[in-house]
Amino acid sequence: FRSSPNTCFFWLNPYLYFPICGTDGKTYGNKCFFCGAVYENLGSLCFAHYGECESHEEAKQKGDL
């Protein structure tokens with residue numbers, strides 16, 4: 001995940017939706033957008049899991065909070 005956002009477009013279609021949840025609780029549309037966010041946050045953002053992040057309300061309903 002340490003490449004710049006510009007190189008991301010060469011190896012992944014930026015319009016492909018394959019969500020990634022970051023440790024900031026935000027859902028990124030795909031690895032390309034996640035990679036760009038990691039770069040912008042100087043590496044402080046990490047991968048949480050594949051798929052969309054749960055909202056606070058969804059997590060509360062499932063008993064995760």
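## Buried or exposed: a starting point

A residue is called buried when its relative accessible area is under 20%, exposed when that value is over 50%, and partly exposed in between. Proline 19 has a relative accessibility of 14%, so proline 19 counts as buried. Please keep in mind that the structure above is a predicted model. Of the 65 residues in this protein, 29% count as buried.

## The overall plan

The protein contains three helices and three strands.

How much of the contact between separated residues links positions 24 or more apart? Among contacts with a separation of 6 or more, such pairs account for 42%.

The three strands form an open sheet with the order 2-1-3 and antiparallel pairing. Strand 2 (27-28) and strand 3 stand at the edges with a single partner strand each, so one side of each has no neighbour in the sheet. In general, strands of a sheet pair through backbone hydrogen bonds, and the pairing can be parallel or antiparallel.

Strand 1 and strand 2 run antiparallel and are joined by two bridges. Look for cysteine 21 here: it stands opposite threonine 27 in strand 2.

## The disulfide

How many disulfides does the protein have? The count comes to one. Its partners are cysteine 21 and cysteine 53, with an S to S distance of 2.0 Å. The torsion about this S-S bond is about 110 degrees, so the disulfide of cysteine 21 and cysteine 53 is right-handed. Cysteine 21 belongs to strand 1 (residues 20-22), while cysteine 53 sits in the loop between strand 3 (47-50) and helix 3 (56-62), so the pair ties together parts that are 32 residues apart in sequence.

Are these two cysteines buried or exposed? Both cysteine 21 and cysteine 53 are buried. Cysteine 32 has a relative accessible area of 4%, so it is buried, and cysteine 35 is buried with a value of 1%.

Proline 19, the residue we started with, lies in the loop between helix 1 and strand 1. Which residues does proline 19 touch, not counting those up to four places away in sequence? They are Thr27, Tyr28, Gly29, Tyr50, Gly51 and Glu52.

Histidine 49 is found in strand 3. With a relative accessible area of 33%, histidine 49 is partly exposed. Leaving aside neighbours within four places in sequence, histidine 49 is in contact with Ile20 and Cys21. The C-alpha atoms of proline 19 and histidine 49 are separated by 9.1 Å, although the two residues are 30 residues apart along the chain. Histidine 49 and threonine 27 are 22 residues apart in sequence, and their C-alpha atoms are 9.8 Å apart in space.

## Two loops to visit

Glutamate 54 lies in the loop between strand 3 and helix 3. Its relative accessibility is 38%, so glutamate 54 counts as partly exposed. Glutamate 54 and lysine 26 are 28 residues apart in sequence, with 8.9 Å between their C-alpha atoms.

Leucine 42 is in the loop between helix 2 (31-40) and strand 3. Where does its phi angle fall? Phi of leucine 42 is near 55 degrees, a positive value in a residue other than glycine. Most residues other than glycine have a negative phi. Leucine 42 is also exposed, with a relative accessible area of 78%.

## The surface

Which residues make the nonpolar surface patch of about 430 Å²? The patch is made by Leu16, Phe18, Phe47 and Tyr50.

Leucine 16, one of the residues of this patch, is found in the loop between helix 1 (5-11) and strand 1. Its relative accessibility is 47%, so leucine 16 counts as partly exposed.

Key. Residues numbered from 1 in each chain as written. Predicted model: local features only at pLDDT ≥ 70, side-chain atom pairs only at ≥ 80, totals over all residues. Heavy atoms only, no water. Disulfide = S-S within 2.5 Å. Helix = DSSP H or I, 4+ residues; strand = E, 2+ residues; numbered from the N terminus. Buried < 20%, exposed > 50% of the residue type's maximum accessible area, 1.4 Å probe, protein only. Contact = heavy atoms within 4.5 Å. Patch = residues over 30% accessible without salt bridge, like charges linked within 9 Å, V, L, I, M, F, W, Y side chains within 5 Å. Areas by Shrake-Rupley, 256 points an atom, 1.4 Å probe, with all protein chains shown as cover. Salt bridge = Lys/Arg side-chain N within 4 Å of Asp/Glu carboxyl O. Pairing = 2+ DSSP bridges.
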